[in-house]
Amino acid sequence: MEHMDIFNDDAFSLVNMVAAINNVDHVPGRAGELAFAGVGEGVTTRTVTIESVGESLTLIQTSAPGAPAPKNTQDKANLRAVSIPQIKLEETIGAAQIQGVRAFGSPDLLRGAQSVVNGQMAKETRRHDLTIEHHRLGALKGVIKDADGSSLTDLFELFGIKNSGNVAGPEVFDLDLDGLESETEDLRVKCQNIVRFIQRNAKTIIPSTARVWAFCGDNFFDKLVSREDVKATYRNTAEQERRLGANYAFGVFEYGGIAWENYRGTDDNATVGIGTDEARLFLTGVPGLYAEYFAPADFFETVNTVGLPRYAKLALDQKFNRFVELHTQQNPLPLCLRPKTLVKCI
């Protein structure tokens, strides 16, 4: 019969554990899908330096033929160092959890142990999934917060972004969803002003396929879809009438050039979520607007190597050989490189 020596098997090496945790079925959140899909890259350090250069364009003064041309001035670059946070979790797997466990239809204890470890790793992975969505959503709000609510990275302070109230934070647009009917400026015009603001502050080439997207809290979304001017947009065809009668909870619809989505966070709508009476807007489909960096784990084997999205490792009880400790880790830093495009609606 095989004994607890199985955990010295190559199946539980760092390489195989890393491969396992990065291949456990991952259910990404909407922030990851819309803004950070495909932008992640590994780095070899625990700090990244962001370089930004002013890109404002000015007209060129005409010159007389033969006269010297005006000199183009070089923009001064700003360098900002940002630390990459570490997210880690540990769990103890005792011998009793392995006792009598066999893979279905097999007497192989190694496969049974792998099943237990993978099951525990899958549970930890879901917590990592939730945490990275929390950080990515924070990046789309402009402030990445820790689990206790403290600020990890404030993108507005980092890039020196202030709103029209001269406060470091997002530009706030009041849509006045309750009282807009009495105003001369309708909701569609307000949406157009928001889109103009976001696009003008992107300071980059915006593809025709790019979209302004809004993550909405429950009350904000319900008021929006209940408005008569929003409903009137969809009344021309039977299909659109059917859609109006559908349940839009956690759905998406487009109005005023903006995709409005009722963001589904955690069930308590507090751990990860959008404020119930607000919406957070951002651009999607714009190359270079978002970045995500992965630092290497703090193991001797990974020092100065290119960081991976996730790591997992086992440590055997050296004294009595009664348990193993499972360690999972990720070192991510999601960023919006143009935080002036991050807008709040109330």
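Trainee: What volume does the largest pocket have?

Mentor: The largest pocket has a volume of about 730 Å³. On a 1 Å grid over the protein atoms alone, a pocket is an open set of points where a 1.4 Å probe fits, with protein on both sides within 12 Å along at least five of seven lines. Grid points are joined across faces, edges and corners, and the volume is the space filled by probe spheres set on them. The model is predicted: local features need pLDDT of at least 70, side-chain atom pairs count only at pLDDT 80 or more, and totals for chains, interfaces and linings use all residues. Residues are numbered from 1 along each chain as its sequence is written, and side-chain values use heavy atoms, leaving out hydrogens and water.

Trainee: Which residues lie nearest the centre of the largest pocket?

Mentor: Lining residues have an atom within 4 Å of a point. Here there are 31, with His134, Lys145, Asp146, Ala147 and Thr271 nearest the centre.

Trainee: Which element gives the most to this lining?

Mentor: Helices (H or I, at least four residues) and strands (E, at least two) are DSSP runs, numbered from the N terminus. Helix H4 gives the most, with nine residues; H4 spans 109–141, and strands E4 (87–94) and E5 (143–145) each supply at least two.

Trainee: How many disulfides does the structure hold?

Mentor: A disulfide is a pair of cysteine sulfur atoms within 2.5 Å, and the structure holds zero. The closest cysteine sulfur to that of Cys345 is in Cys191, 7.5 Å away, which is too far for a bond.

Trainee: Is Cys345 buried or exposed?

Mentor: Buried means under 20% relative accessible area, exposed over 50%, and partly exposed in between (1.4 Å probe, protein chains only). Cys345 has 0%, so Cys345 is buried.
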